[in-house]
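Please look at the sequence and the model first.

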Amino acid sequence: MQVGLVGLGRMGANMAERLVRGGHTVVGTARHREVVDAAVARGVVGAYSLEEMLQKLPSPRVLWLMIPAGDPVDATLNELLPQLAAGDLIVDGGNSYYKDTLRRSATLAAKGIPYVDVGTSGGIWGLAEGYSLMAGGPVDAVARITPLLTTLAPAPDKGWGRVGPTGAGHFVKMVHNGIEYGMMQAYAEGFSILKHKDAMELDLAQVAEIWRFGSVVRSWLLDLTASALHENPELTGIKPFVVDSGEGRWTSTEAFDLDVPAPVITLSLVERIRSREAESFGDKLLAVMRAKFGGHAVEHEG
């Protein structure tokens, strides 16, 4: 099968290579020439503009977007739309907000262009291990890209599926990432408790390694945690600043809109935001309040 891939960042390039290894032809493009050149070295057919990519693909064309959510997706679609024809198909494999996906799908449907949203998980390990793929869209449109999905997935019958209509793929991936926030926060808090119990002289890397096998908390995230602790037991040089890419916020908002309690996911997001405040005015105010009502000591800087 032939597919155009827009976006050859680390994940996009790895997906392209996995498709090439699976016997597909991938015509890839990116904003920077050197990025395209690097993908060509991995078996991708290079295209140095969207126009060139479209010219190299047979009609009806399948275009897979692996670009950042938000404005970049809209800008790319706006550039593509005048050059597309009815029957072409667009796949958004990024972390787009599902409401944006519904809006874009409606615009493209008016032009006779199906839009499939594929929530994609697997990160930098997907090339070797395969990707978890959550597809949303019309049944016939998802069927058209099934050869791509079965190649990208860990196995033809595992780790992928059509989860519902348009928007469902990105909705499921949004909640997936919200769950991920909560799991990561629980591991971080648990290991922090272990770290602070000096009297036990615990080796956190050893504990993580023990938990990896047979434990009910074993997971791929724990595997990665164990690896990180082996490499840098004290996490020397790591700044306690945790970024969120949006999905946790969207998941929490959706929970509020649906009247579904999601305290773990929501608080994990709050903790990420808290990590960015190097000098917390709120914490200072808490200390002053304790001093005012209870006479508790206040620690001063310097």
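The sections below go from the whole chain to a single residue.

## Overall make-up

The model shown here is predicted. Its protein chain has 302 residues, and 40% of them are buried. The secondary structure of the protein chain consists of 14 helices and eight strands.

Among contacts in the protein chain with a separation of 6 or more, 64% link residues 24 or more positions apart.

## Surface and charge

The protein chain has an accessible surface of about 16400 Å². Carbon and sulfur atoms account for 60% of that surface.

The protein chain carries 28 positive and 35 negative charges. The mean position of the positive charges and that of the negative charges are 2 Å apart.

## A look at Gly126

Gly126 belongs to helix α6, which covers residues 126-129. Is Gly126 buried or exposed? The relative accessible area of Gly126 is 0%, and buried means under 20%, so Gly126 counts as buried.

Which residues does Gly126 touch, leaving aside its neighbours within four places in sequence? Gly126 is in contact with Arg18 and Tyr131.

Note on methods:
Residues are numbered from 1 along each chain as its sequence is written. This is a predicted model: local features need pLDDT of at least 70, side-chain atom pairs count only at pLDDT 80 or more; totals for chains, interfaces and linings use all residues. Side-chain values use heavy atoms; hydrogens and water are left out. Helices (H or I, at least four residues) and strands (E, at least two) are DSSP runs, numbered from the N terminus. Buried means under 20% relative accessible area, exposed over 50%, partly exposed in between (1.4 Å probe, protein chains only). Contact means heavy atoms within 4.5 Å. Accessible areas come from the Shrake-Rupley method with a 1.4 Å probe; for residues, only the protein chains shown count as cover. Lys and Arg count as positive and Asp and Glu as negative; His and the chain ends are not counted. The place of a charge is taken as NZ of Lys, CZ of Arg, CG of Asp or CD of Glu.
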